[in-house]
Amino acid sequence: MRAAVLHETGQDKLDVLDDIEAVGFGPGKARIRVRATGLCHSDVSAMNGVLPQPAPFVPGHEGAGEIIEVGEGVTNVKAGDRVLVCWLPACGQCPACRRGQTQLCLAGFMNAGIPNFKRAGDSSDVFGFAGTGTFAEEVVVDAACAVPIPDDVPFDIAALIGCGVTTGLGAAINTADVAAGSSVAVIGCGGVGVSAIQGARLKGAAEIVAVDPVASRREAALRFGATQAVGPDELPDINQRLTAGEGFDYVFEVVGKSATARKAYEATRRGGTLCVVGAGAMDDQVQFNMFELFFDEKRILPSLYGGGDVLQSYERAIALWRAGRVDLEGMITHRVQLAEINEALEQMRSGVALRTCIEI
């Protein structure tokens, strides 16, 4: 089968091969025919080494498709079911799951170190990013990673819900719990940032300022609910105009860099909330002094995968989409075939794409 492979961490292009095999099928597993997958910035971060992932690997974790077959003991799905791929399934048994913080379950992360591909005639391991690897025609995953979707949800929409939409909406709704009438700034307006903007709009924020260096993303943010959109250099000015320099009630950092996290902190009012959504590198340190942490009483809230139960978040996103309360179709600005995956990577790196859907 075909799959896009990164041979070594640090390479900027993927190699689309036709001799890849999905491996690991057996009890508790599901084999999925991938139909659509989104290109998320986390895939690029894994490629360049910002996020840890053994190589060689097949990127992709935001996918949807059909169940081909299931292993012994699998009861949540069956052959023919339409599913989205959950890259962070909950085991239901660990301390985090028992506390109700299923998004902090580590079971899914352990899958990243288990190979689920190989090249035909070659015994060497090929991993799937985040234990999945949806830039492939087929993937074998733990059955808990296969979440059934209703028949009226297209594969491309389901793929978005599998990561970017859930992450962004959840940051605003679950983690920050944006208050009606509040002021919000979102720094970084790709697919996740735009989803956070839609979440803040749903929660009733009065002012939503989108901050991004790319003009096309700023224009898109206005369509998705931002009341104003500015470049990073304009953030201090609009902060002064809208809040008299006091700062925003909520600031979402959706870039994953210490420099933007620091700017986000400074743009947050005293007693306000900084919500860290971007996935950054382990060696990228952000600095705060002890006095400002004490004196400003700003809440710093990291948000992993939307900060709540992902299955409930999927259901909520589908309900909101059906009701026309969130625009998911409009987030897909580009579509490519798997053979054109490197074109999709350039669309993301240049900032012209909110989300590129790879049709497989």
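These legends describe close-up views of one predicted model.

Residues are numbered from 1 along each chain as its sequence is written, and side-chain values use heavy atoms, with hydrogens and water left out. Because the model is predicted, local features need pLDDT of at least 70, side-chain atom pairs count only at pLDDT 80 or more, and totals for chains, interfaces and linings use all residues.

**View 1. Six strands form an open parallel sheet.**
The strand order is E14-E13-E12-E15-E16-E17. Strands (E, at least two residues) and helices (H or I, at least four residues) are DSSP runs, numbered from the N terminus. Two strands pair if DSSP finds at least two bridges between them. Strand E14 (228–230) and strand E17 (299–302) stand at the edges. Each has a single partner strand, so one side of each is left without a neighbour in the sheet. On average, neighbouring strands of this sheet are turned by 20 degrees against each other, direction ignored.

**View 2. Helix H6 lies across strands E12 and E13.**
E12 (residues 183–187) and E13 (residues 207–211) run parallel and are joined by five bridges. Alanine 185 has valine 209 in E13 as its bridge partner. H6 covers residues 191–202 and runs at about 175 degrees to E13. Axes are lines fitted to C-alpha atoms, for helices over the stretch in contact; angles run from 0 to 180 degrees between N-to-C directions. Contact means heavy atoms within 4.5 Å.

**View 3. Helix H9 packs with its buried residues against several elements.**
H9 spans residues 258–267. Its buried residues are Ser258, Thr260, Ala261, Ala264, Tyr265 and Ala267. Buried means under 20% relative accessible area, exposed over 50%, and partly exposed in between (1.4 Å probe, protein chains only). The buried residues of H9 pack against E12, H8, E15, strand E16 (268–276), helix H10 (290–296) and E17.

**View 4. Arginine 33 is buried yet has no salt bridge.**
Arginine 33 lies in strand E4 (residues 29–38). A salt bridge is a side-chain nitrogen of Lys or Arg within 4 Å of a carboxyl oxygen of Asp or Glu. For arginine 33, the nearest side chain of opposite charge is glutamate 137, 4.8 Å away. Lys and Arg count as positive and Asp and Glu as negative; His and the chain ends are not counted. The arginine 33 side chain does reach the backbone oxygen of glutamate 137, at 3.4 Å. Residues touched by arginine 33 include Ala64, Ile68, Glu138 and Ile360, not counting residues up to four places away in sequence.

**View 5. Four strands form an open sheet with mixed pairing.**
The order is E3-E8-E9-E5. Strand E3 (20–22) and strand E5 (57–58) stand at the edges, each with a single partner strand, so one side of each is left without a neighbour in the sheet. E8 (residues 117–119) and E9 (residues 125–128) run antiparallel, joined by two bridges. Lysine 118 stands opposite aspartate 125 in E9.

Most residues other than glycine have a negative phi, and most peptide bonds are trans. A cis peptide bond joins alanine 55 and proline 56, with omega about 0 degrees. Alanine 130 has a positive phi of about 55 degrees.

Terms used
A polar contact is a pair of N or O atoms within 3.5 Å; within protein, one must be able to donate a hydrogen and the other to accept it, and residues adjacent in sequence count only if both atoms are side-chain atoms.
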